[in-house]
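Here is a walk through one protein chain, written to be read with the structure open beside it. Have a look around first, and then we'll start with a single side chain.

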Amino acid sequence: MKELLLLTGDNEYAIEGEIKGIAKLENLCIKEIEESLDIMGLIDLLNTSSLFDGALLYVLRNDDVLRDKENVPHLKEYLDNPAPLNKAIVISKSSGRGVNEETTQEEGNGKKKGKARKNPEMIKLLTNRGLTKNFPKMSYSELHRWIKEYFYSHGYKISNDAVSFLYEGVGSDQSLLVSEMDKLFL
């Protein structure tokens, strides 16, 4: 894995699979970061090794780090000479192109509703270095094929009508579908 990845999209099941796969492949312990960070905070985390945890895969589900416009040169420096042990994944629900998401910005003592934009320069930097992956929701036909493959991989066949029935009853959430399909296998 690269030192830092930006995972975008709405397919939470695929994103979670990617995180677990990277952690297993790289032998990293996953550590969720709840607080909002800027680039310098993220770089500090990556450069600080834990004596007890070993190599860590930091997962940031809050993409505020992508809004830090001032420290892009520091990110470039870090990417040229990354920390040897720790890695990070930033998750953004948008497609990666979305630089117009509305958020609340602090202004003085009050809050002002406005546009806090993801920094296109930062997203471009990560994209140009091959550090982004997009996980869009599956279309109905992709999900249909995925359900059939899931059954086949467990030694079962499923008809197209049964797939449609399962889809109509459960919906398109892959995590929920896996749970229900595993119950059927029992």
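Is Lys93 buried, partly exposed or exposed? Lys93 comes out as partly exposed, because its relative accessibility is 42%. Keep in mind that this is a predicted model, so every value here is computed from it.

**Salt bridges**

Lys93 has a partner: it forms a salt bridge with Glu12, and the closest N and O atoms are 2.9 Å apart. Glu12 belongs to helix H1 (residues 12-26), while Lys93 sits in the loop between S4 and strand S5 (102-107), so this pair ties together parts that are 81 residues apart in sequence. As background, side chains of opposite charge can pair when their charged atoms come close.

The count for the model comes to nine salt bridges.

| Salt bridge | Closest N and O atoms |
|---|---|
| Lys93 with Glu12 | 2.9 Å |
| Arg67 with Asp63 | 2.9 Å |
| Asp64 with Arg67 | 3.6 Å |

Arg67 turns up in two of those rows, once with Asp63 and once with Asp64. How do these residues sit relative to the surface? Arg67 counts as buried, because its relative accessibility is 15%. Asp63 is buried too, with a relative accessible area of 10%. Asp64, on the other hand, is partly exposed, at 28% relative accessible area. Elsewhere among the salt bridges, Glu16, Glu32 and Arg61 are joined into one network through shared partners.

Now for the inside. The largest nonpolar core here has 24 residues, and Leu4, Leu60, Leu75, Leu79 and Leu126 are the ones with the most contacts inside it. Which elements give two or more residues to this core? They are strand S1 (4-8), helix H2 (39-47), strand S3 (56-60), helix H3 (72-80), strand S4 (87-92) and helix H4 (120-128). Apart from that core lies another, of 13 residues, with Leu7, Ile19, Leu57 and Phe135 among them.

Leaving out residues up to four places away in sequence, Leu60 touches Ile33, Leu37, Leu42, Ala88, Ile89, Val90 and Ile91. Leu42 from that list is also one of the buried residues of H2, along with Ile39, Gly41, Ile43 and Leu46. The cover over the buried residues of H2 includes S1, S3, H3, S4 and H4.

How many residues of S3 are buried? Five of the five are, so S3 is largely enclosed by the rest of the structure. Leu56, Tyr58 and Leu60 point one way from the strand, with Leu57 and Val59 pointing the other way.

S3 pairs with two strands described here. With strand S2 (residues 29-33), the pairing is parallel over five bridges, and Lys31 has Tyr58 in S3 as its bridge partner. With S4, the pairing is again parallel, over four bridges, and Leu57 has Lys87 in S4 as its bridge partner.

**Two loop residues**

Leu85 is found in the loop between H3 and S4. Leu85 counts as partly exposed, because its relative accessibility is 43%. Setting aside neighbours within four places in sequence, Leu85 is in contact with Leu28, Ser49, Ala55 and Leu56. The C-alpha atoms of Leu85 and Leu57 are separated by 9.0 Å, with the two residues 28 apart along the chain.

For context, most residues other than glycine have a negative phi. Asn27 also counts as exposed, because its relative accessibility is 66%.

Conventions:
Residues are numbered from 1 along each chain as its sequence is written. This is a predicted model: local features need pLDDT of at least 70, side-chain atom pairs count only at pLDDT 80 or more; totals for chains, interfaces and linings use all residues. Side-chain values use heavy atoms; hydrogens and water are left out. A nonpolar core is a set of buried Ala, Val, Leu, Ile, Met, Phe, Trp, Tyr and Cys residues joined through side-chain atoms within 4.5 Å. Buried means under 20% relative accessible area, exposed over 50%, partly exposed in between (1.4 Å probe, protein chains only). Contact means heavy atoms within 4.5 Å. A salt bridge is a side-chain nitrogen of Lys or Arg within 4 Å of a carboxyl oxygen of Asp or Glu. Two strands pair if DSSP finds at least two bridges between them.
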